Amino acid sequence: MFIKNKGSAFGWLIVGLGNPGIQYEGTRHNAGFMAADKLAELYNADFNKNRHNAVYGECKIGQSRVLIAKPQTFMNLSGRAVTELCSFYKIPYEKVIIMFDDISLDVGKIRIRRKGSHGGHNGMRDITELAGTEDIKRIKIGVGKKPHPDYDLKDWVLGKIPDGQKAELNTALDNAAKAAAETVINGIDSAMNKYSS
(Lines give C-alpha, C1' and ligand atoms only; values in the text may rest on other atoms or scores of the structure.)
Protein backbone atom coordinates (compact mmCIF):
# COMPACT_ATOMS: atom_id res chain seq x y z
CA MET A 1 0.00 0.00 0.00
CA PHE A 2 1.58 3.27 -1.13
CA ILE A 3 0.77 6.27 0.99
CA LYS A 4 1.45 9.77 -0.27
CA ASN A 5 2.67 12.34 2.22
CA LYS A 6 0.54 15.13 0.75
CA GLY A 7 -1.20 17.06 3.46
CA SER A 8 0.40 15.27 6.40
CA ALA A 9 1.25 17.42 9.38
CA PHE A 10 3.89 14.90 10.43
CA GLY A 11 7.13 14.18 8.63
CA TRP A 12 8.09 10.96 10.43
CA LEU A 13 6.78 8.07 12.49
CA ILE A 14 9.20 6.43 14.93
CA VAL A 15 7.98 3.19 16.50
CA GLY A 16 9.44 1.19 19.38
CA LEU A 17 8.27 -2.42 19.51
CA GLY A 18 7.37 -4.36 22.63
CA ASN A 19 4.59 -5.95 24.64
CA PRO A 20 2.21 -3.88 26.81
CA GLY A 21 1.74 -4.75 30.47
CA ILE A 22 3.71 -4.58 33.70
CA GLN A 23 4.80 -8.21 33.42
CA TYR A 24 6.79 -7.43 30.26
CA GLU A 25 8.61 -4.36 31.54
CA GLY A 26 12.39 -4.75 31.46
CA THR A 27 12.32 -7.81 29.19
CA ARG A 28 14.57 -8.21 26.16
CA HIS A 29 11.58 -8.07 23.81
CA ASN A 30 10.70 -4.61 25.13
CA ALA A 31 13.95 -2.94 24.13
CA GLY A 32 12.05 -1.04 21.44
CA PHE A 33 9.59 0.37 24.00
CA MET A 34 12.52 1.42 26.18
CA ALA A 35 14.23 3.17 23.25
CA ALA A 36 10.99 4.97 22.41
CA ASP A 37 10.80 6.15 26.02
CA LYS A 38 14.38 7.47 25.75
CA LEU A 39 13.55 9.34 22.55
CA ALA A 40 10.38 10.78 24.06
CA GLU A 41 12.39 11.97 27.07
CA LEU A 42 14.99 13.61 24.84
CA TYR A 43 12.38 15.55 22.88
CA ASN A 44 9.73 16.13 25.56
CA ALA A 45 7.06 13.98 23.96
CA ASP A 46 4.20 12.59 26.05
CA PHE A 47 2.48 9.34 25.16
CA ASN A 48 -0.86 11.06 25.58
CA LYS A 49 -2.80 9.55 22.69
CA ASN A 50 -4.22 6.02 22.71
CA ARG A 51 -5.67 5.23 19.30
CA HIS A 52 -4.83 3.18 16.23
CA ASN A 53 -3.68 0.25 18.40
CA ALA A 54 -0.88 2.35 19.89
CA VAL A 55 0.02 4.86 22.55
CA TYR A 56 1.85 7.77 20.99
CA GLY A 57 2.84 11.38 21.24
CA GLU A 58 4.36 14.09 19.12
CA CYS A 59 7.45 16.25 19.18
CA LYS A 60 9.69 18.28 16.93
CA ILE A 61 13.04 16.82 15.88
CA GLY A 62 15.09 19.22 13.80
CA GLN A 63 12.61 20.81 11.42
CA SER A 64 10.21 17.85 11.40
CA ARG A 65 7.08 17.12 13.39
CA VAL A 66 7.42 13.52 14.52
CA LEU A 67 5.14 10.90 16.05
CA ILE A 68 6.70 8.46 18.55
CA ALA A 69 4.60 5.34 19.08
CA LYS A 70 4.45 2.11 21.05
CA PRO A 71 2.02 -0.48 19.62
CA GLN A 72 -0.39 -1.99 22.16
CA THR A 73 -1.32 -5.11 20.19
CA PHE A 74 1.46 -7.35 21.52
CA MET A 75 4.57 -7.92 19.45
CA ASN A 76 3.25 -10.35 16.82
CA LEU A 77 0.57 -7.89 15.65
CA SER A 78 2.71 -4.74 15.58
CA GLY A 79 1.87 -4.10 11.93
CA ARG A 80 -1.67 -3.07 12.79
CA ALA A 81 -0.50 0.00 14.70
CA VAL A 82 2.15 0.96 12.14
CA THR A 83 -0.14 0.70 9.11
CA GLU A 84 -3.06 2.43 10.86
CA LEU A 85 -0.89 5.33 12.01
CA CYS A 86 0.67 5.71 8.56
CA SER A 87 -2.73 5.62 6.89
CA PHE A 88 -4.42 8.05 9.28
CA TYR A 89 -1.57 10.57 9.37
CA LYS A 90 -0.59 10.08 5.72
CA ILE A 91 3.02 9.16 6.55
CA PRO A 92 4.79 7.15 3.81
CA TYR A 93 6.66 4.01 4.83
CA GLU A 94 9.98 5.52 3.76
CA LYS A 95 9.47 7.99 6.63
CA VAL A 96 9.03 5.26 9.25
CA ILE A 97 11.74 4.06 11.66
CA ILE A 98 11.21 0.89 13.71
CA MET A 99 13.30 0.21 16.85
CA PHE A 100 13.35 -3.36 18.16
CA ASP A 101 15.35 -6.04 19.97
CA ASP A 102 17.86 -8.26 18.15
CA ILE A 103 19.15 -11.51 19.66
CA SER A 104 21.99 -11.75 17.13
CA LEU A 105 23.66 -8.63 18.54
CA ASP A 106 25.56 -8.42 21.81
CA VAL A 107 24.03 -6.30 24.55
CA GLY A 108 25.11 -2.69 24.07
CA LYS A 109 25.35 -2.87 20.28
CA ILE A 110 22.94 -1.39 17.76
CA ARG A 111 22.65 -1.89 14.02
CA ILE A 112 20.92 0.50 11.62
CA ARG A 113 19.42 -0.66 8.31
CA ARG A 114 17.54 1.24 5.62
CA LYS A 115 15.55 -1.88 4.64
CA GLY A 116 15.64 -5.67 4.77
CA SER A 117 13.80 -8.84 5.70
CA HIS A 118 12.21 -9.35 9.10
CA GLY A 119 15.12 -11.62 10.09
CA GLY A 120 12.85 -13.87 12.12
CA HIS A 121 11.55 -11.05 14.32
CA ASN A 122 7.78 -11.48 14.57
CA GLY A 123 7.05 -7.81 15.09
CA MET A 124 8.95 -6.82 11.95
CA ARG A 125 7.42 -9.76 10.09
CA ASP A 126 3.92 -8.43 10.75
CA ILE A 127 4.90 -4.88 9.84
CA THR A 128 6.48 -5.79 6.49
CA GLU A 129 3.63 -8.15 5.60
CA LEU A 130 0.86 -5.64 6.33
CA ALA A 131 2.78 -2.72 4.81
CA GLY A 132 3.60 -4.78 1.73
CA THR A 133 7.19 -3.56 1.69
CA GLU A 134 10.57 -4.27 3.27
CA ASP A 135 11.74 -0.72 2.52
CA ILE A 136 11.32 0.38 6.13
CA LYS A 137 14.18 1.81 8.16
CA ARG A 138 15.02 -0.05 11.33
CA ILE A 139 17.29 0.23 14.36
CA LYS A 140 18.15 -3.11 15.95
CA ILE A 141 19.05 -3.12 19.64
CA GLY A 142 21.30 -5.92 20.86
CA VAL A 143 19.88 -8.01 23.69
CA GLY A 144 22.35 -10.91 23.45
CA LYS A 145 22.31 -14.41 22.03
CA LYS A 146 20.61 -17.37 23.67
CA PRO A 147 23.02 -19.14 26.08
CA HIS A 148 22.75 -22.37 24.08
CA PRO A 149 20.81 -23.51 20.95
CA ASP A 150 18.28 -25.57 22.90
CA TYR A 151 17.24 -22.65 25.10
CA ASP A 152 13.62 -21.73 24.34
CA LEU A 153 13.52 -18.53 22.27
CA LYS A 154 10.30 -17.29 23.86
CA ASP A 155 11.73 -17.73 27.36
CA TRP A 156 14.85 -15.83 26.29
CA VAL A 157 13.19 -12.78 24.73
CA LEU A 158 10.60 -12.57 27.52
CA GLY A 159 13.32 -12.82 30.16
CA LYS A 160 14.52 -9.78 32.08
CA ILE A 161 17.83 -8.11 31.30
CA PRO A 162 20.25 -9.10 34.09
CA ASP A 163 21.50 -6.33 36.37
CA GLY A 164 25.05 -6.89 35.13
CA GLN A 165 24.02 -5.97 31.57
CA LYS A 166 21.78 -3.00 32.31
CA ALA A 167 24.52 -0.41 31.82
CA GLU A 168 25.39 -1.79 28.37
CA LEU A 169 21.71 -1.97 27.45
CA ASN A 170 21.20 1.61 28.57
CA THR A 171 24.02 2.71 26.28
CA ALA A 172 22.38 0.91 23.37
CA LEU A 173 18.99 2.46 24.14
CA ASP A 174 20.51 5.95 24.28
CA ASN A 175 22.29 5.35 20.98
CA ALA A 176 19.15 3.95 19.34
CA ALA A 177 17.16 7.05 20.35
CA LYS A 178 19.93 9.35 19.13
CA ALA A 179 20.25 7.37 15.87
CA ALA A 180 16.53 7.74 15.22
CA ALA A 181 16.78 11.49 15.73
CA GLU A 182 19.90 11.69 13.57
CA THR A 183 18.07 9.86 10.78
CA VAL A 184 15.30 12.45 10.89
CA ILE A 185 17.69 15.42 10.98
CA ASN A 186 20.59 14.38 8.74
CA GLY A 187 19.59 11.10 7.09
CA ILE A 188 20.21 7.42 7.70
CA ASP A 189 23.76 7.41 6.31
CA SER A 190 24.77 9.92 8.97
CA ALA A 191 23.08 7.82 11.66
CA MET A 192 24.89 4.69 10.44
CA ASN A 193 28.25 6.47 10.52
CA LYS A 194 27.73 7.81 14.03
CA TYR A 195 25.91 5.02 15.84
CA SER A 196 26.15 1.59 14.18
CA SER A 197 28.32 -0.68 16.31
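The radius of gyration of the protein, 15 Å, agrees with the value near 16 Å that a compact globule of 197 residues would have; it is taken over C-alpha atoms, and the globule rule is 2.2 Å times the number of residues to the power 0.38. The model is a predicted one, in which local features need pLDDT of at least 70 and side-chain atom pairs count only at pLDDT 80 or more, while totals for chains, interfaces and linings use all residues. Residues are numbered from 1 along each chain as its sequence is written, and side-chain values use heavy atoms, with hydrogens and water left out.

**Overall architecture**

Six helices and seven strands make up the secondary structure, in the order β-α-β-β-β-α-β-β-α-β-α-α-α from the N terminus. These elements are DSSP runs numbered from the N terminus: helices are H or I with at least four residues, strands E with at least two. The C-alpha trace spans about 50 × 30 × 30 Å along its principal axes. Of contacts (heavy atoms within 4.5 Å) between residues at least 6 apart in sequence, 72% join residues at least 24 apart.

**Nonpolar cores**

Of the 197 residues, 50% count as buried, that is, under 20% relative accessible area with a 1.4 Å probe, protein chains only. A nonpolar core is a set of buried Ala, Val, Leu, Ile, Met, Phe, Trp, Tyr and Cys residues joined through side-chain atoms within 4.5 Å. In the largest core, of 33 residues, Ile14, Met99, Ile139 and Ile141 touch the most other members. Helix 5 (residues 166–186) provides the largest share of this core, nine residues. Beyond four places in sequence, the contacts of Ile14 include Leu39, Ile61, Met99, Ala180 and Val184. Another core, apart from the largest one, has 23 residues, among them Val15, Leu17, Ala81 and Ile127.

**Helix 3 and its cover**

Helix 3 (residues 122–131) has Gly123, Met124, Asp126, Ile127, Thr128 and Ala131 buried. Gly132, with a positive phi near 75°, follows this helix. The elements below are among those that cover the buried residues of helix 3.

| Covering element | Residues |
|---|---|
| Helix 2 | residues 78–89 |
| Strand 5 | residues 96–102 |
| Strand 7 | residues 137–142 |

**Ala81**

Ala81 lies in helix 2 and counts as buried because its relative accessibility is 1%. Not counting residues up to four places away in sequence, Ala81 touches His52, Asn53, Ala54 and Pro71. The C-alpha atoms of Ala81 and Asn53 are separated by 4.9 Å, although the two residues are 28 apart along the chain.
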